[in-house]
Amino acid sequence: MARKKEKISIRILLLFCLFGSTVLGQKPSYINPGLLSASTTLSPAVMLNRSEVNYYVTGFLEGRIDKRISLRGELHYMLGNANDKFLKNNLRTTFGLQYGIPFGNFELHAGFAPGFSVMQSNVDPSNTEFVPSAQFNVGARFYVWKLFHFFTNISYIHSKMNNLDRVNGMSDELMFSVGLGLNFQVLKKYRQHE
């Protein structure tokens, strides 16, 4: 009985893959050099050194220089926080490279982006620090039309406040982003194929 269910499951999976590849194969490829993508979304971030969650308005602008490589800039603005949390304010910007592996109009990607943060802690609100930060991220995108795509992204962000008296200033976060991104193809030769 178990083998019969297994064979049925395999057949259903094969039919789904065959149907999915036929449908996806009929769409033109939107992942080409010259594709600009941008979005803004609300992103929760779990602090790894404390049991706290911060909320950011996150925006990105990404330009594809190759079928697999793109340049990406991000801006993270932390929304207001309670006085009992470690961070009072945080504004972060990063700029780096993304490497993608496209499967039709679906893409898995990973990247690294150095940057800086302007941080303020509730431990010492009079102290505002300009500190380096680094971001590693992985995610997936699905380009459903030439003008937009859906995305999900997980980022590890390393940063540390250095001038807090007898307090560990580590501020590492794991940030989650999901949303709708807008696209625009700037190269005319790829716009004609859409």
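A salt bridge is a side-chain nitrogen of Lys or Arg within 4 Å of a carboxyl oxygen of Asp or Glu. The side chains of Glu74 and Arg72 meet in such a salt bridge, at 2.8 Å from N to O. The structure shown above is a predicted model, in which local features need pLDDT of at least 70 and side-chain atom pairs count only at pLDDT 80 or more, while totals for chains, interfaces and linings use all residues. Residues are numbered from 1 along each chain as its sequence is written, and side-chain values use heavy atoms, with hydrogens and water left out.

The overall fold comes next. Its strands are DSSP runs of E with at least two residues, numbered from the N terminus. In this model 8 strands close into a barrel, in the order S1-S2-S3-S4-S5-S6-S7-S8, with antiparallel pairing. On average, neighbouring strands of this sheet are turned by 25 degrees against each other, direction ignored; the axes behind such angles are lines fitted to C-alpha atoms, and angles run from 0 to 180 degrees between N-to-C directions. Two strands pair if DSSP finds at least two bridges between them. S6 and strand S7 (residues 148-159) pair in the antiparallel sense over 12 bridges, and Asn137 stands opposite Ser155 in S7.

Charged residues can now be placed on this barrel. Side chains of opposite charge can pair when their charged atoms come close. The whole structure contains 6 salt bridges. One of them joins Arg72 and Glu62, with the closest N and O atoms 2.8 Å apart. This pair links distant parts of the chain, since Arg72 belongs to strand S3 (residues 69-78) and Glu62 to strand S2 (residues 53-64), 10 residues apart. Are these two side chains buried or exposed? A residue is buried under 20% relative accessible area, exposed over 50% and partly exposed in between (1.4 Å probe, protein chains only). Arg72 therefore counts as buried at 5%, and Glu62 is buried at 3%. Glu74 is buried, as is Arg72.

Another salt bridge connects Arg92 and Glu173, at 2.6 Å from N to O. Here Arg92 lies in strand S4 (residues 87-103) and Glu173 in strand S8 (residues 173-185), 81 residues apart. Arg92 is buried because its relative accessible area is 1%, and Glu173 is buried because its value is 0%. Salt bridges that share partners join Glu62, Arg64, Arg72, Glu74, Glu107 and Arg141 into one network.

Rings of Phe, Tyr and Trp (its six-membered ring) pair if their centres lie within 6.5 Å, and planes under 30 degrees apart count as stacked, over 60 as edge-to-face and the rest as tilted. The whole structure holds 6 aromatic pairs. The pair of Trp145 and Phe148 is edge-to-face because the ring planes stand at 65 degrees, with the centres 6.1 Å apart. Trp145 is partly exposed at 41% relative accessibility, and Phe148 is partly exposed at 27%. Ring pairs also link Phe112, Phe136 and Tyr156 into a cluster.

Terms used. Helix = DSSP H or I, 4+ residues; strand = E, 2+ residues; numbered from the N terminus.
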